[in-house]
Structure formats: C-alpha cells, structure tokens
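Please look through the structure below. The paragraphs that follow take up a surface patch, then the overall fold, then a pocket.

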Amino acid sequence: MSDDIKKYIINNFKDDDINVIKDAIMDSINDNDEVALPGLGVFFLLNWEEADKIEKDKIVERIYKQIKKGN
C-alpha cells in the first residue's frame, strides 16, 4: 500500500470523532463500496500494527474461519 494513500486516509479522519470513523466503516461495508477498500485496508493496518501476537492470532483465526465458511 502506498504511503501516500495511508497518509491521505489518516489525515482525512484525524480530526473526526470515533462515531464518524465507525459510520465510515459501517457505510463502506453495508454499501459494498469497493472504492472504500483502501481506506478499510488502512484501518486494518493501523489495528494490526498496534495488536500484540495474541490479538493478531485471533484476527487471523477470525479471517480464516470466515473464508472457510465462504463469507
């Protein structure tokens, strides 16, 4: 992922409150908006960078289970 995209997404939301970020995530998911995928990817990356090994293992396990279910 380009650092420019990452910086753009972060700067776009840095002055927003938690509800704006949550709404942006929910709207992107509910609308199946592929244009929003880079933004969701940045949110995932930020979460991943802050997670410890146990949290990362849980994230990967959740993703694995969803892929196996076909979701």
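Which residues form a nonpolar patch on the surface? The patch consists of Phe44, Ile63 and Ile67, with about 290 Å² of accessible area together. Patches are made of residues with over 30% relative accessible area and no salt bridge, where like charges are joined within 9 Å and nonpolar side chains (Val, Leu, Ile, Met, Phe, Trp, Tyr) within 5 Å. A salt bridge here is a side-chain nitrogen of Lys or Arg within 4 Å of a carboxyl oxygen of Asp or Glu. Accessible areas come from the Shrake-Rupley method with a 1.4 Å probe, and for residues only the protein chains shown count as cover.

This is a predicted model, in which local features need pLDDT of at least 70 and side-chain atom pairs count only at pLDDT 80 or more, while totals for chains, interfaces and linings use all residues. Residues are numbered from 1 along each chain as its sequence is written, and side-chain values use heavy atoms, with hydrogens and water left out.

The protein chain has four helices and zero strands, in the order α-α-α-α from the N terminus. Helices (H or I, at least four residues) and strands (E, at least two) are DSSP runs, numbered from the N terminus. The C-alpha trace spans about 35 × 30 × 25 Å along its principal axes. Of the 71 residues, 15% are buried; buried means under 20% relative accessible area, exposed over 50%, and partly exposed in between (1.4 Å probe, protein chains only).

Phe44 counts as partly exposed because its relative accessibility is 39%. Asn19, in helix 2, also has a value in between: at 47% relative accessibility, Asn19 counts as partly exposed. Asn19 and Val35 are 16 residues apart in sequence and 21 Å apart in space, C-alpha to C-alpha.

Val35 is also one of the residues that line the largest pocket, including Ile9, Phe13, Ile25 and Phe43. Helix 1 (3–13), helix 2 (18–30) and helix 3 each give two or more residues to this lining, and helix 3 supplies the largest share, four residues. The lining divides into nine nonpolar, two polar and no charged residues. Ala, Val, Leu, Ile, Met, Phe, Trp, Tyr, Cys and Pro count as nonpolar, Asp, Glu, Lys and Arg as charged, and the others, Gly among them, as polar. A pocket is an open set of points on a 1 Å grid over the protein atoms alone, with protein on both sides within 12 Å along at least five of seven lines, and lining residues have an atom within 4 Å of a point.

Note on methods: 1 Å grid on protein atoms, 1.4 Å probe; cavity = no way out; pocket = protein on both sides within 12 Å on 5 of 7 lines; lining within 4 Å.
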